[in-house]
Amino acid sequence: MFPRDDQVSGRQARKMLIGEAVYKGIIGDETLGYFIGRVYLFLTCLGIDTDRLRFRQHLENEIKHYAVDCWDAEIESSYGWIMCVGIADRSTYDLLAHSAESGVPLEAHEKFAEPREVQKLAKAPVKEEFGLAFKGNQKMSMKMNILSISKGKKKEHLPIKKKKEKEHLRVFTPSVTGSSFVIERIIYCLYEHLFHTRASKDGDKQQNVFRFPPLVAPIKCTVFPLGKNQQYEEVAKKIAKSLTALGISKRIDITGTSIEKRYAITDELGVPLAIAVDSTSSVIVRYRDSKEQVRVDVNEVTSLVKEVIDGVSWDNVLQRYPTHPS
């Protein structure tokens, strides 16, 4: 979090619980805090580095006229800190503006299960005094009771009193919290955060790797048979067909190039899983980030890929299937 006061005083952004920020009044209300939390979860789920993500509060001289509070999700890249998401508490500005132009009240109604007793302030005009003040034109005086005070009439003509009422319904204008996402900036920062290089198996060169999480990787899985074997190719095509039936994007490679080269291409494309077919009954499944491999039955491999895409951790996979040497 990078609150306004910290920016003005020259302090750095600091880690803070959203609940704590709301409690201390740094974030204006719980709804705004909720949206900030949801944006944080969204960006980190995509793969944005948590140490290069901050939420900066707008300064007094930059906050828009429609907002009572506004925070930007900023992501650090090679260009510095870039605003990628704007989250604004617009209060009742939008709905009141629409109502003023359309003449249609945009209100919410909350019906109570049991009536509530509330205390309200109410005008209690003294009709006789208004009649005298407006020389007998009492009807006009009642329409102009507020205006009369501003024109110098006595305030005693319009005393304000407290009274108790029972409410069965609460009518109010809801506030609006708006989030604006700059998708192209998020994608660019994602590329920077998820790209890295690592040594090849022989250690003689550096290989490019995109560490896209399985959820957002454009291609979820590659499938290729080892060597030139017609039976293995048929198994690979059968697995690819099963993946397509589940809506899982895949890339099949039957070129016959070396396994290391195909793994390197898979890693550079950011594909999280690779299936190498070296048998008609079981296959090797490799995880991109750790290069760890497990042996899986042909009939189970498609469901395993689906589980990993849906959020099952690779550690969980290692506990369930026998490992295969790299």
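I take the expected span of a helix as 1.5 Å times one less than its number of residues. Helices (H or I, at least four residues) and strands (E, at least two) are DSSP runs, numbered from the N terminus.

The model is predicted: local features need pLDDT of at least 70, side-chain atom pairs count only at pLDDT 80 or more, and totals for chains, interfaces and linings use all residues. Residues are numbered from 1 along each chain as its sequence is written, and side-chain values use heavy atoms, with hydrogens and water left out.

**Entry: helix α3**

I checked the length of α3 against that rule. Its 17 residues should span 24 Å at 1.5 Å a residue, and the end C-alpha atoms are 24 Å apart, so the two agree.

I then looked at the ends. Aspartate 29 caps the N-terminal end of α3, with a side-chain oxygen 3.0 Å from the backbone nitrogen of threonine 31. This is a polar contact (a pair of N or O atoms within 3.5 Å; within protein, one must be able to donate a hydrogen and the other to accept it, and residues adjacent in sequence count only if both atoms are side-chain atoms). Just after α3, glycine 47 has a positive phi of about 125°.

Next I listed the buried residues (under 20% relative accessible area; exposed is over 50%, partly exposed in between; 1.4 Å probe, protein chains only). In α3 they are Leu32, Gly33, Ile36, Gly37, Val39, Leu43 and Leu46. An α-helix has 3.6 residues a turn, so residues three or four places apart point the same way. I find the buried residues of α3 packed against α2 (18–23), β1, β2, β3, β6 and α8.

I traced an open sheet of 4 strands, in the order β1-β2-β3-β6, with antiparallel pairing. Two strands pair if DSSP finds at least two bridges between them. β1 (53–57) and β6 (177–181) are the edges; each has a single partner strand, so one side of each lacks a neighbour in the sheet. The twist averages 25° from one strand to the next. Axes here are lines fitted to C-alpha atoms, for helices over the stretch in contact, and angles run from 0 to 180 degrees between N-to-C directions.

β2 (residues 69–77) and β3 (residues 80–89) are antiparallel over 9 bridges. Glutamate 74 stands opposite methionine 83 in β3. Helix α3 (residues 30–46) lies across β1, β2, β3 and β6, at about 140° to β3. Helix α8 (residues 183–194) also packs on the sheet, touching β2, β3 and β6, at about 135° to β3. Contact means heavy atoms within 4.5 Å.

Is β11 buried or exposed? 5 of the 5 residues of β11 (residues 273–277) are buried, so the rest of the structure largely encloses this strand. Leu273, Ile275 and Val277 point one way, Ala274 and Ala276 the other.

β9 (residues 221–225) runs parallel to β11, joined by 5 bridges. There, cysteine 221 has leucine 273 as its bridge partner. β11 and β12 form a hairpin with 4 residues between them, antiparallel over 4 bridges. Alanine 276 is bridged to isoleucine 284 in β12.

I followed the chain onward. β12 (residues 282–287) pairs with β13 (residues 293–297) in the antiparallel sense over 5 bridges. Isoleucine 284 has arginine 295 as its partner in β13. In this hairpin, with 5 residues between the strands, lysine 291 has a positive phi near 65°.
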